[in-house]
Amino acid sequence: MSETAPTAEPTAEPAAAQEQHPLRAVVLAGGLTFEREVSLSSGTQVVEELTRAGLDAELRDADAELLPGLAAAPADAVFIALHGATGEDGALRAVLDLAGVPYVGSPAAACRLAWDKPAAKSVVRTAGLTTPDWVALPHSTFRELGAGAVLDLMVARLGLPLMVKPASGGSALGVQKISRVEDLPAAMVSCFAYGDTVMVERYVEGVEVALAVVDLGEGPVALPAVEIEPESGVFDYSSRYSPGLTEYHAPARIPDDVAARAADVAVRVHEVLGLADLSRTDAIITPAGEVHFLEVNVSPGLTETSMFPMAVEAAGYDLGTVLGRLLARRAESRR
Ligand SMILES: Nc1ncnc2c1ncn2[C@@H]1O[C@H](COP(=O)(O)OP(=O)(O)O)[C@@H](O)[C@H]1O
Ligand SMILES: [Mg+2]
């Protein structure tokens with residue numbers, strides 16, 4: 001059975017309740033990662049949407065002012081629009097748990113797992129889902145065993161082309177497609193600039209889709225798949241954030257049975273990794289209709305060119321209402 005978005009608009013809090021006491025939401029954005037600018041853009045958009053939906057929403061950075069600020073003026077709930085480490089790897093959530101501050105999204109431990117791409121792939125594969133073959137190795141292995149010998153084994157086992165990417169990260173930073181064996185060493189070196197562990201993965205040819213999942217109280221539900229068609233052929237940083245360089249199709253131009261299978265995959269990923277409230281799975285659909293899991297994002301981009309808002313719109317929902325509803329549920333669960 002596929003789980004697809006219900007057609008009815010999710011109900012917002014009763015208007016009267018909102019008028020008496022608008023929900024106070026703190027939206028966290030910025031941070032000290034490579035994705036700071038993207039996060040600020042997501043956060044600004046979230047504050048606008050929430051304000052339009054009748055909430056009292058404020059943008060804050062995750063800096064030394066945050067905890068004293070939340071203690072002095074408690075929020076009903078926090079929305080994390082931080083991308084990259086701290087916001088997505090579970091660290092900030094663990095601190096919010098210590099402080100007793102409710103937040104929208106997945107718990108700290110689940111984020112830590114999802115953030116580690118090879119670990120998440122192992123769990124997803126064990127659950128019976130398809131993900132491209134991979135190997136993940138720290139820098140020290142290449143130093144100790146000799147880079148050349150290890151690289152040769154990788155190519156022999158995984159073939160070409162290959163995807164080389166940091167084991168954790170986002171916005172396609174450090175991600176490279178390698179078609180010639182002689183380009184592999186340089187790709188590995190630039191990948192190590194983003195972290196200690198590199199993941200090399202079999203390249204999968206097909207249609208790229210972003211699969212958004214939301215849980216508004218009745219279990220996780222997949223929104224329509226968003227198809228990604230970058231002009232350059234690679235969905236890299238500039239294809240993502242420069243308007244016009246990528247064409248998006250929401251819903252994706254795929255047969256209904258494939259769309260239903262993709263929706264099932266996204267919901268299963270959300271469940272087996274223990275995610276909550278919202279997620280976005282990135283996947284490739286092969287010409288045979290197989291859905292290959294690439295990674296899942298616990299803090300999906302929410303900028304004007306991001307796929308999660310496109311999926312929400314394609315489902316016939318209003319982004320501010322959906323996010324407001326998630327915040328209201330978290331605020332409620334604390335009372
Ligand atoms: N195995 C793969 N086969 C084909 N394309 C891939 C593969 N892995 C990644 N890509 C491409 O690289 C992009 C970034 O990879 P991804 O793992 O999603 O990293 P990020 O966390 O930076 O989004 C994807 O959106 C896709 O276009
Ligand atoms: Mg991705």
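Tutor: Ala, Val, Leu, Ile, Met, Phe, Trp, Tyr, Cys and Pro count as nonpolar, Asp, Glu, Lys and Arg as charged, and the others, Gly among them, as polar. By that rule, the shell around ligand 1 divides into 9 nonpolar, 3 polar and 8 charged residues. This is a predicted model, where local features need pLDDT of at least 70 and side-chain atom pairs 80 or more, while totals for chains, interfaces and linings use all residues. Residues are numbered from 1 along each chain, chains are lettered from A and ligands numbered from 1 as written, and side-chain values use heavy atoms, without hydrogens and water.

Student: Which of the 20 residues around ligand 1 come nearest?

Tutor: They are Lys117, Lys165, Ala172, Arg202 and Glu208. A residue is near a molecule if one of its heavy atoms lies within 4 Å of it.

Student: What makes the pair between Glu208 and ligand 1 a polar contact?

Tutor: A polar contact is a pair of N or O atoms within 3.5 Å. A polar side-chain atom of Glu208 is 2.4 Å from an oxygen atom of ligand 1, so the pair qualifies.

Student: How much of ligand 1 does the protein bury?

Tutor: Taken alone, ligand 1 exposes 540 Å², and the protein buries 96% of that (Shrake-Rupley method, 1.4 Å probe).

Student: Why does ligand 1 lie between domain 1 and domain 2?

Tutor: Domain 1 (15-128 + 205-334) and domain 2 (134-202) both give residues to its shell, so ligand 1 lies between them. The domain bounds come from an automatic or database assignment.

Student: Which residues does a cis peptide bond join?

Tutor: Most peptide bonds are trans. Leu160 and Pro161 are joined by a cis one, with omega about -5 degrees, and so are Ala250 and Pro251, with omega about 0 degrees.

Methods
Polar contact = N/O pair within 3.5 Å; in protein donor to acceptor, adjacent residues only side chain to side chain.
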